[in-house]
Amino acid sequence: MPSLVIHTDPAVWGSDVSQFDHKRFAKGNKSQSQKPNPKALRAFGGGTTLCPGRHFATTEILATVVMFILRYNLYPLDGRWTPPKTEKTNIAAVVMEPDTDIKVKVVPRETTADCELDFKLGDSDMIFGVAAEDRHD
């Protein structure tokens with residue numbers, strides 16, 4: 001089943017499925033109409049089709065985003081943040097693509113303009129669970 005169908009089903013996510021809610025999975029969040037089942041999020045497939053590179057991909061994405069946020073401020077070119085429309089996204093797409101480009105101004109932060117950031121990954125015994133199937137609790 002295409003992930004777009006699963007990830008936009010009001011029966012699974014509640015009546016606010018089309019609204020961006022950055023606290024949707026936060027513990028103690030009472031603002032949403034329905035608490036989503038953690039197994040409903042299938043960012044990397046599910047069951048026997050879980051992506052073997054999901055941990056590496058998630059770590060790389062998070063590290064890149066964190067380093068970018070630490071170094072730069074982003075501002076919308078039109079002066080306000082507007083959630084993009086995704087009506088043209090193909091039903092088989094894993095990630096909902098915006099219908100138009102999101103235009104931003106990227107400005108180096110004054111506090112990091114003259115510094116060099118160094119990022120390193122090392123070995124760890126910790127498991128970073130990104131899917132309910134990865135949990136060991």
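The lining of the largest pocket divides by class into 12 nonpolar, 7 polar and 2 charged residues, and this pocket belongs to a predicted model. The chain carries 3 helices and 2 strands, which follow one another from the N terminus in the order α-α-α-β-β. Of the 137 residues in the chain, 18% are buried.

**The largest pocket**

- The volume of the largest pocket comes to about 1300 Å³, and 21 residues contribute to its lining.
- Nearest the centre of the largest pocket lie His7, Val17, Gln19, Phe20 and Met96.
- Helix 1, which spans residues 3-7, gives the most to the lining of the largest pocket, its share being 3 residues.

**The nonpolar surface patch**

- A nonpolar patch on the surface is formed by Phe68, Leu74, Trp81, Ile102 and Val106, and together these residues have about 470 Å² of accessible area.
- Phe68 sits in helix 3, the element that covers residues 54-71, and because its relative accessible area is 34%, Phe68 is classed as partly exposed, given that this class lies between the limits of 20% and 50%.
- Val106, another member of the patch, is placed in strand 2, which runs over residues 104-108, and Val106 counts as partly exposed because its relative accessibility is 41%.

**Contacts across the sequence and a loop residue**

- Phe68 and Pro108 are 40 residues apart in sequence, while the distance between their C-alpha atoms in space is 9.5 Å.
- Val95 belongs to the loop between strand 1, at residues 72-76, and strand 2.
- With a relative accessible area of 57%, Val95 is exposed, because the class of exposed residues begins over 50%.
- Val95 and Ser3 are 92 residues apart along the chain, and their C-alpha atoms are separated by 8.3 Å.

Technical notes. Residues numbered from 1 in each chain as written. Predicted model: local features only at pLDDT ≥ 70, side-chain atom pairs only at ≥ 80, totals over all residues. Heavy atoms only, no water. Patch = residues over 30% accessible without salt bridge, like charges linked within 9 Å, V, L, I, M, F, W, Y side chains within 5 Å. Areas by Shrake-Rupley, 256 points an atom, 1.4 Å probe, with all protein chains shown as cover. Salt bridge = Lys/Arg side-chain N within 4 Å of Asp/Glu carboxyl O. Helix = DSSP H or I, 4+ residues; strand = E, 2+ residues; numbered from the N terminus. Buried < 20%, exposed > 50% of the residue type's maximum accessible area, 1.4 Å probe, protein only. 1 Å grid on protein atoms, 1.4 Å probe; cavity = no way out; pocket = protein on both sides within 12 Å on 5 of 7 lines; lining within 4 Å. Points joined across faces, edges and corners; volume = space filled by probe spheres on them. Nonpolar A, V, L, I, M, F, W, Y, C, P; charged D, E, K, R; others polar.
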